[in-house]
Structure formats: structure tokens, C-alpha cells
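Please open the model in your viewer and keep the selection panel at hand. The stops below go from whole chains to single residues.

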Amino acid sequence: MTTTRITRRNLMRSALVASSASLVSGCKPTSTGSPLEPKLKFESGAALPWSNWAANHVCEPSARWAPTSEDELVSQLGLQQGTVRPVGAGHSFSPLVPTDGTILSTDLLSGLISSDDETLRSEVWAGTRLHQLGPLLEAKGQALPNLPDIDYQTLAGATATSTHGTGIKFGSLSSQIHSLALATPSGELLECDREQNPEIFHASRCSLGALGVITRMTLNTQRPFRLVERTRVDRIETLLEDVDRLAAENRHFELYAFPHSSFGASIEINEAQEDEASSLEPEEDAAELMRDMFRGVGGIPGIGDFLYDQALNAAAEGREPVRIGPSYAVLAHERLTRFREMEYTVPADAGPACLREILEVIRNGFPVIYPIEYRYVKNDDIWLSMFHERDGCSISIHQFADEDHREYFKAVERVFWKYDGRPHWGKIHSLGAAELTQLYPNWKDFVAVRDALDPSGKMLNDHLKMVLGAGSRANS
Amino acid sequence: MNRNSISKFLFALCVFCSVEFVASTSTSVSAAEEQPVLSERQSKAFGQICARCHVRPGIGVPILGDTAEWEKRGAKGLEALVANTITGIGGMPPLGTCGFCSEDDFRHLAAFMARLSLKTRAETPSAEHAKP
């Protein structure tokens, strides 16, 4: 997620102003600490465990395997007896990867394979990291039309979960796939697109890594372009009242709501003019500073939220940060603060009401300040995509990794359900097959493809058995 | 050329030709200071994964070539760097997001970035070729 471009100096000044105004010491809520702190233990010389980025899932695989060629991957995958789980950058917050079987890393299958200048398509190895894609494509006169706001992930991992950026005119990263090659659990290599193996194509563009391993994919691109990103802080109600226009008139638009305040941030990204020079100063991640500020004043009975609001207002006054540069550099942001995340996608027109209700839940019960991320994504025809057949508004809530997120997430998840939300496959949620099957019109089609490709469940760990209902045939 | 420009240049090199860049750099310092020579896969890990953050100035992580920052970290010893890389510390995620790196890979990469000698520690078994 993106935190606001409020600087450290302004935040500290504002915190001081607010604390002084209160004439009392800030009441500091006691951090209970998280029972979900990193569990990974390292003992030199012992088998290396695996952990995801957020360190909320750890496992001890019996083998780690990084194929160096497509042939090796295909032939060896077919010979595997136990569970195999593919891993990219491990950025998912949900337990898509953990297994006591084999972890298969796609990292060594990376890079650009070919580019077609006429069709504006490029074929890349699926283990390519997103941060590599921009420069690689640019060198061939191409660029992806949109990108997620973080770029640590592999292409395979990001598309397996329909990872997305923002912009109502643009679909998820998965929707940019023109064709792909899938190594099946039985050791075949299938070429898939809308004409060839179309059902597998529709299933595998967002497959949770449950159908096999995608080795390479051809992406639809466009000519390289530059973007300008402008951030401004305003009253959240002012922004929400204008949100349809903001979403329609900007190439990319996202909004951040600041809990326990009346403010939010509007981030508007459009194509840069030729005479606008690039300016990509490193961003500061303000989340920790906002937490310190809230701890300083937010707990003061009766006026805590008011003081926090004043401090945020002072911090943002007169500031409208601008970033200009190549599309891939502007769309991606740094993420060094460790957090846990839940995201649901609700129908686009339900976004404002859903966000307002979430803010109310937080205001009435949770001392949470992590900004809430609010984005729009165009509909697609991918069977398990959160944007399947409907334009979506993706709303993400976060909690610092050293604080317990569980009660907060549980309360907000109930709001998401009320608005017919679909959970992000790579983020925290509590739904199983019985609920998920109601959310996806082509659920049974996906399960049929999975059953046919992997009848023994080689690609399934416990989490996938739960969400896909594999074994119990909850979907049938 | 200022530090930002140098880092941007390094990053571009890492993206486009990580193996060649890292191999040549490590070779040049290893002769004098017993620095590790990265294998092809370790070079790929550096260019594809480590470089995402460690050649970008201003984001709060020590960048390659920032001697002062790496000396502070190196003072803890190579084994502490390896352990922190694997378990994660601060903004550094567990395993540095490398799904294939072995302990030996992490040791080489940490020594390479911090300009530390591998000779301070006995070799650990390499999992480089661990396949199912």
C-alpha cells in the first residue's frame, strides 16, 4: 500500500504542536504486541525454513527446488510424489505457499524471451520480478499499461492472485496476459490462449498456483510512457463526494482514508507532458510516524481524535507532492514497513458506502491508524478474478506487523461481506469453498479444470484444500 | 557523478546484466581482500532480488558500495548478517524474498555486500543443488 507523502519533519512538527496544545502528556496506548510475530528460526547448518514477506507464515519444506530450465521443470514436476507449492517472492499474506513437501521457486526462470514490435506483445519468463519488467520492456519500446503499487513480486506470483494496480480503465495484471505456458502436475507443457486450451487459459490466469506452474507468458503492452503523480490531502467526505469524477477523469486514481481523522489523500496519476522533467525523489514511509503521532495524542480521552486530526492537517498543509518519471517507476512504491493486510473487492459503485462503514467500525472500536487504501479496477473474464464480470473497488486494510490485527480484520471483514466483497487471494481472509463458490459464477468450471489437471492434489496444501474445497467436493 | 547517479547506474546494470556486473566486481575485490566470488545463481539472486533495494539510495537501506553503512553492519560479524538476512530485520523481509537461496547463498551475498571475508567461518554444506 502507499502511505501519504507527508514528510517526517512535518509530522514531527505537527505532533509537537498537537501535544503542546493538549498541555498534557500524550496518553500512549499500550501495544499488546502481536502473537503473530515472526516465527522463523534459523540454525546454521540445519535445513532452511521458508517464510513469507510478512512473516506470518512459516514452514519447513522437505525440499527446495529452483529449476533452471523449462524442460527441467516440466519433466521433474511430473515425477514428484509429494506436495509441490510454487513460490515467487512470497509476498502473499495468505498461506498459499507453506508445505512440508517441496517448495518450487520460479526465480531462476526469469527475463525477457522475445518482443513483437508490431503486435506490441512481449514474452517473458514467469519468474521475472515486476521491478525488472519495466526496464526490460522499455529497452524494447514497450511498457505495461498498468502495474501494482509494489513491484517485489514475480510475474507468476502476482498473476496467480490477480494482483492489480488502480485505474477504472485498466484490469489486473492477470488481464494483461495474452497467452501462457503451463507445466501441469503430470509433466506436460500446455500452450494456452483464447483459442488453444481456452478453458485452461481462463482458469490459469488467476489460479493460486493450483493448476501447475506457469513457466512463461506473453503480455499485451503499449509504447513506453511517462506519468505524473500528484498527491493532495483533503477532507475524506469531500473526496468521496467527488470520487466518481476523480476515478473517471484520471488515468489512475486512488484514495487513502486516515482512520480517526476527517482526512484522506487523493493520488491522481496521469500521463506527463513532454516538458515535465522527471522527479523521483525517494519517498518516506510515513506509517510509523503516523503511529507515533497517534500514540502521542490519540488516546487522550474526548479530544484524542480531534488533536490527531489537527496534527495531520498541519502536516499536510500546503503540500502537494509530485512524482514524475517512467510509468513503471511512478506506479511502484517502496514498502519497508512490515504489515499485515486484508483486501476485498466490492462492486465499484458500492465503494464509498463500504469505506464509510469501515471508518465507522474503526472509529467505534479500534485504535488503528494505518491508512486504508481504496482503488478501482476494470472488470475482466478470468474465472477466479476478484474483478470477474464486474468493475471493482478494492479496499485494503492494514495493521503493523508488531500489532495484533485479528479482531480488527474480523470486524471489517463482516462489512466487506455485507457489500458482496470478494477477498484478494493473496491477502488475509477467512472464507472457505462454501462461501467462495457463491461469489464466482465460473467456480465449478475452475474446479473441473483443476480436478482434470491434478486429480491427486499434488499442487494443494491445506489452505488450498480449504478455499477450493478439494477433497470434499464442496463445490459440486 | 553523484551518489544517486552512481546507484541508478548500478541498478540499471544489475537489471540488464547482473551476472556480468557482479562477477566482475567481485573478482576485482576478491584478489585483494578475499571477497567471495558469486556463483552464477548468486549473481542472479543479487541482480534480481537484492538489487531491488540495495542499489536504490534514499529508501533507508544500505546500498551497495556505501562503505560506512556496511562497516557498521559488518561489525556485527558475517554470521549475524546471515542470520538477519534469513530471519528478517527492520525493512529486510525474511530470506530477502529469495525462495531459492540456500544458507551458503545468503552467506556469499552478505559477505559480498558487506565486503567481508568468508574465511572467518568454516564452510557450511551448500544446498545449491538440492533438488527433490
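Helices (H or I, at least four residues) and strands (E, at least two) are taken here as DSSP runs, numbered from the N terminus. This is a predicted model, in which local features need pLDDT of at least 70 and side-chain atom pairs count only at pLDDT 80 or more, while totals for chains, interfaces and linings use all residues. Residues are numbered from 1 along each chain as its sequence is written, chains are lettered from A and ligands numbered from 1 in the order in which they are written, and side-chain values use heavy atoms, with hydrogens and water left out.

Begin by selecting chain B, whose elements run α-α-α-α-α from the N terminus on, that is, five helices and zero strands. Of its 132 residues, 54% count as buried, where buried means under 20% relative accessible area, exposed over 50%, and partly exposed in between (1.4 Å probe, protein chains only). Contact means heavy atoms within 4.5 Å, and of the contacts in chain B with a separation of 6 or more, 60% are between residues 24 or more positions apart.

Next, select helix α2 (residues 40-54) of chain B together with α5(B): the two pack at an angle of about 60°, with their axes 11 Å apart. Axes are lines fitted to C-alpha atoms, for helices over the stretch in contact, and angles run from 0 to 180 degrees between N-to-C directions. Angles under 35 degrees count as roughly parallel, over 145 as roughly antiparallel, 65 to 115 as roughly perpendicular and the rest as oblique, and α2(B) and α5(B) are therefore oblique to each other. Show the side chains of the contact, among them B:R41, B:F46 and B:H54 of α2(B) and B:D104, B:H108 and B:F112 of α5(B).

Staying in chain B, move to B:L95, in the loop between α4 (78-87) and α5 (103-114). Phi of B:L95 is near 65°, a positive value in a residue other than glycine, and B:L95 is buried, with a relative accessible area of 2%.

Now select chain A, whose secondary structure comes to 15 helices and 18 strands, and of whose 476 residues 63% count as buried. In the loop between α4 (155-160) and β8 (177-183) of chain A, pick A:S162, which is not a glycine but has a positive phi of about 55°; at 0% relative accessibility, A:S162 counts as buried. Go on to A:S179 in strand β8 of chain A, which counts as buried at 16% relative accessibility. Leaving aside neighbours within four places in sequence, A:S179 is in contact with A:C192, A:D193, A:F201, A:M217 and A:T218.

For the last stop, which residues have the most contacts inside the largest nonpolar core? Select A:L255, A:I358, A:I372, A:W425 and A:L468, in a core of 113 residues. A nonpolar core is a set of buried Ala, Val, Leu, Ile, Met, Phe, Trp, Tyr and Cys residues joined through side-chain atoms within 4.5 Å. Helix α12 (residues 406-418) of chain A gives the largest share of this core, six residues. Apart from this core lies another, of 35 residues, among them A:L108, B:I49, B:L95 and B:F112. Finally, centre on A:W425, whose contacts beyond four places in sequence include A:S94, A:T161, A:C206, A:Y440 and A:W443.
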